[in-house]
Amino acid sequence: MADLKHLFLITKHPSTTQILLTSLFFISLFLLSSSPLSDFSHSLIVSSFTSRLLTAANFFSTTASDSNTLYSVSPTSIRVKNESKKIDSASKELTSCDIFDGAWVSDDSEPVYLPGYCPYVEDKFNCFKNGRPDSGFLRHRWQPHGCSVPRLDFECSIDFIKSPFLVQESEVLDVYGKRKETLRLDMIQESIMKIYRNADIVVFNTGHWWTHQKTNEGKDYFQEGNRVYEKLEVKEAYTKALHTWADWVDSSINSSRTRVFFVGYSSSHFRKGAWNAGGQCDGETRPIENETYTGGYPWMMRVVESVISDMKTPVFYMNITKMTWYRTDGHPSIYRQPVEVRGSSPASGMFQDCSHWCLPGVPDSWNQLLYATLLVSRGSLPYKSSGSVL
């Protein structure tokens, strides 16, 4: 019963809430003593009683209107206090290493959510629902050299804004009066500007869409002001877009109120061709275990690192490129579509998805790394460390 000592504060002038709690305490004791509980252990009885009393206390503390209330109890506050100790311990450990430098190790624990269970996972990334028969790709966790990453256990609300380029997709009229798609390199996407103001944390990312045919070719697509470039190299266009993003962040986001993150480029694993030229990744069931393997560092990340280094706003850079080099097994491949759509022998006659990821899967580790970075950065500004956090 020792845990119950935290439930009450003895005062000379008890509040309405305290009187209700005390009454509830004795009524509960009476009911317990008169109940047939001989089949249960004492610890279980006390645990059950404490849990129910805490729940009732929480109800009274949120409904009582007595302005003289001196003390209220919330089960959440007790849990948060315990979690705080764990967080402080984890924070100290995490400051000793680069969490983006490590290896994938076998792990038999369950994924953070069950395959096919999360209602927010799009069908094209729900490999379990689409018939992927193996589950080994779920049995690995990212292990940094020198420290451990805590699992995400965090109450928050999240807004997702789809903005593949961060800058505004637009249209112009060509010489024949027909509408033509363009990408405004000098204008941040409108939807981003509408929702960031009340955010404690904003996380940005752009990369793979710049490799698609239209952007990669750069013909009559990139626009600045009223000018549509007849031809502009994608690297130059990407750099211009990142500078537009950086200028907007520097001028619009209050860094004392909102922390800014940028997630790097995740690796693709197409064999025997590009995504639209017969590229494949089906049949991969294990990560690459050779830590000396490098998939090549994307040029886009060099641009990101250069732009971030010149910003006045501190930006936490999550360099996930290396950790995704090894995960050839984590893509949907042929399991982007259900079997009734792809057929029973689809490998030789369909586009395979070797750039996105099955969920649950590799991206869940990014959330853990985001959480770890938040623990390390509490009350501090981003620091420069081996290219992983800027």
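In helix α6, the buried residues include Val234, Ala237, Tyr238, Ala241, Leu242 and Thr244. Trp245, Ala246, Trp248, Val249 and Asp250 of α6 are buried as well. The model described here is predicted. This briefing covers that helix, the sheet beside it, and some backbone details in loops.

**Helix α6**

- Helix α6 covers residues 234-252, a run of 19 residues.
- Val234, Ala237, Tyr238, Ala241 and Leu242 are among the residues of α6 that are buried.
- Helix α6 lies across strands β5 and β8, and its direction is at about 165° to that of β8.

**The three-stranded sheet**

- Three strands form an open sheet in the order β5-β8-β9, and their pairing is parallel.
- The edges are β5, residues 201-204, and β9, residues 315-318, each of which pairs on one side only.
- On average, neighbouring strands in this sheet are turned by 25° against each other, with direction ignored.
- Strand β8, residues 259-263, runs parallel to β9 and is joined to it by four bridges.
- Within this pairing, Phe262 stands opposite Tyr317 of β9.
- Helix α7, residues 299-309, also packs on the sheet, where it touches β8 and β9. The direction of α7 makes about 160° with that of β9.

- Leu166 is not a glycine, yet its phi is positive, at about 70°.
- Leu166 sits in the loop that links β2 (140-144) to β3 (167-173).
- The relative accessible area of Leu166 is 4%, which is under the 20% cut-off, so Leu166 is buried.
- Ser333, another residue other than glycine, has a positive phi near 45°.
- The loop holding Ser333 lies between α8 (321-325) and α9.
- Ser333 has a relative accessibility of 4% and therefore counts as buried.

**A cis peptide bond**

- The peptide bond from Leu359 to Pro360 is cis, and its omega is near 0°.
- Pro360 belongs to the loop between α9, residues 339-342, and α10, residues 362-377.

Notes: Residues are numbered from 1 along each chain as its sequence is written. This is a predicted model: local features need pLDDT of at least 70, side-chain atom pairs count only at pLDDT 80 or more; totals for chains, interfaces and linings use all residues. Side-chain values use heavy atoms; hydrogens and water are left out. Helices (H or I, at least four residues) and strands (E, at least two) are DSSP runs, numbered from the N terminus. The expected span of a helix is 1.5 Å times one less than its number of residues. Buried means under 20% relative accessible area, exposed over 50%, partly exposed in between (1.4 Å probe, protein chains only). Two strands pair if DSSP finds at least two bridges between them. Axes are lines fitted to C-alpha atoms, for helices over the stretch in contact, and angles run from 0 to 180 degrees between N-to-C directions. Contact means heavy atoms within 4.5 Å.
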